[in-house]
Amino acid sequence: MTRRLAMNLDSEAFMGARTLVIAGAVFLVVLLAAPVASARSLAVNGSRQRFSYLCSPKPGNGRCFAIARVAAIAPSDRAATHTLLKAEYELAKTELASTAGTEAAEVRAADGLGQECKGVLAGVPDPSVVEEEGPLSSAPKFSGRVQGERARSELEKDTIEQEIDETIFAAAGRVVRRPYEAFFATAETLRWSDPTISGVVHEETARLREELAGPPVAVCSEMRAWAASGFLVLPPGSKSLNESTEARDKRAVRGNLEVLLRPYEGQASRAIVQRIAALKETGREEERSDEAFSRAESHMEVAFGQKLSRFAEQQRARVIGKGRTSAGTTFVIRANAGNGSRGSCAHEVDIDVHERNGGSGGGVCLSEGTHSHASGMCSGSVETVELATPPEVRRARVRLSDGRTVTVPVVQIPAKDGGPAGVLVGAFRGYDPYPVSLQELSLNGSVLRTVSLRGVRCRKETAANSVGPPQFVTLATVTGPSGQPLTITGLLHRVGKQTEFSLGPQAGTRNTEGDEEHGERKQFQWSLSSECAPHTYSLLDGILLPPGASVFVRTAAGLVPLTKVELAASIPAQGPLFYGIYATPPTEIVVERSDGSVLYTESLSAKATEETEFCEGYAER
């Protein structure tokens, strides 16, 4: 099965349409690969977490989970790891061999849903409205109530689209049911001395079993019931599915299995990992070259009556050209999705670049002619160069820093797509030698122009600028107004030789941070995390810089002090933690000096009103 499940992960590393990819579906793709993201970036990622996450995948959530450390390596742990990897490898081989069958099943399922559910989502809220919100958006800021209503609508839409995803995924799963059952039979018997590993493997095996069976609802009936409510109320079946998914996610054991398993991998196991990675890359190549399902998915969404998201519009745009670079990465050039060119550019094309389990996308302006400049991006040791050229350029000769040259072909852009023009996409692996210039060549090989590439050089990380993995530390455990346990977590992040500290927002909540004053951080660096019904609460926490000072907040009960927690000397927070948890948001912060005089006050009235209105709008209608 080359598609689906892993694509419900949320990350910018890779974009694709509901894809399982290769390598044991959930396991070496999800367990051992970097997180990937769904083409429906507003669809399923908010409600379906996967265990390769260190952090909650919901947008804005920063609460993360510590990675368990392995004190000693038992032979049984190494054997269990090797057995799991062998089972994943066998499953990956079978999936790759079954690609044609699973892809055909997915296309049939998408076509069938489009016919059965024709027009049922006409009038569903426009996803582009949500895409345009944010601190850098030019759109007007919505009231708290409207924000809540839109958030509820998006949650409901996420649930419906989860049902669609699982329906299609189940159709493909039936093609490879037997090898999956063999994999399950092996994975379910494995045990590790670290309970986190055992818990993650067994929970995700159970989750995948459920999803291979498909959603326990008739998706077209659910969509019709949702539409009949004016897209305001989830039908009972969808609501039950959403609640069970959220409950399962809250119970789930957290951990990054790639990191957890690494100490148990011997030489033979690492060789299997490499073979699985090769299969996975082959699967991704086949997926990117398969446009049948992309077309079927787009036709299904149009048949539903949906307005496609900008990303979906881009993915269904006409492919102008594709290719492979000398670094082994691949690219696809598409016609502009029809949303208008950005800035002052009159004509542009969209480019997606894929490299192993990552990828990136962007646009190249075709209107600059001979004044165009090369753009570059870095992904590890791979430097990608993109350049729009005049139509007479057929290829380019790239000169490297050691004097060698590499010839790169130019893709011709026809007039109907903004040309005539050309687009060059080249990638070069390794920091040295590096590209320094390129010569644009005509059909007969004559040099038309020389372009400098010195401004797009990628540099290798050194001890002075390297970024270390995040380390998450528990600062305090508190109890919410409804009795629910909450954890206040800090993040230690090494940049070069310095370690930085920050407080993350509470998972699953709306989060707001205090503003700067005159470009400087305030003395109390606070964050407000709010949760709506059924477990309503507001958690205010922050770091207080002035020594000996204290913090109070104004609530319905009057002015009350925040709880103070002295942090360990190893945590570079520059001050103690102060926190308080309340049934409704506080309306004012008061910071007092050690002598009891007021250092400053900060009003939270507008924020408290917005949060209250948000929950009123978010409440199920």
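Is Cys 345 buried or exposed, and at what relative accessibility? At 12% relative accessibility, Cys 345 counts as buried, where buried means under 20% relative accessible area, exposed over 50%, and partly exposed in between (1.4 Å probe, protein chains only).

The model is predicted: local features need pLDDT of at least 70 and side-chain atom pairs count only at pLDDT 80 or more, while totals for chains, interfaces and linings use all residues. Residues are numbered from 1 along each chain as its sequence is written, and side-chain values use heavy atoms, with hydrogens and water left out.

**Disulfides**

A search of the whole structure finds four disulfides, a disulfide being a pair of cysteine sulfur atoms within 2.5 Å. Among them are the following links.

| Disulfide | S to S distance | Angle about the S-S bond | Handedness |
|---|---|---|---|
| Cys 117 and Cys 220 | 1.6 Å | -55° | left-handed |
| Cys 345 and Cys 365 | 2.2 Å | 100° | right-handed |
| Cys 532 and Cys 615 | 2.2 Å | -85° | left-handed |

Cys 117 and Cys 220 form a disulfide with their sulfur atoms 1.6 Å apart. Cys 117 lies in the loop between α3 (99-116) and α4 (127-131) and Cys 220 in helix α8 (residues 219-228), so this link ties together parts that are 103 residues apart in sequence. Helices (H or I, at least four residues) and strands (E, at least two) are DSSP runs, numbered from the N terminus. Cys 117 is buried, with a relative accessible area of 1%, and Cys 220 is buried too, with a value of 2%.

The disulfide that joins Cys 345 to Cys 365 has an S to S distance of 2.2 Å. It connects distant parts of the chain, 20 residues apart: Cys 345 sits in the loop between β4 (330-335) and β5 (348-355), and Cys 365 in strand β6 (residues 358-365). Cys 365 is buried, with a relative accessible area of 18%.

A further disulfide joins Cys 532 to Cys 615. Here the linked parts of the chain are 83 residues apart, with Cys 532 in the loop between β18 (524-531) and β19 (537-544) and Cys 615 in helix α14 (residues 605-618). Cys 532 counts as buried at 6% relative accessibility.

**Ser 153**

Ser 153 belongs to helix α5 (residues 144-173) and is buried, with a relative accessible area of 8%. Leaving aside residues up to four places away in sequence, Ser 153 touches Pro 125 and Trp 226, contact meaning heavy atoms within 4.5 Å.
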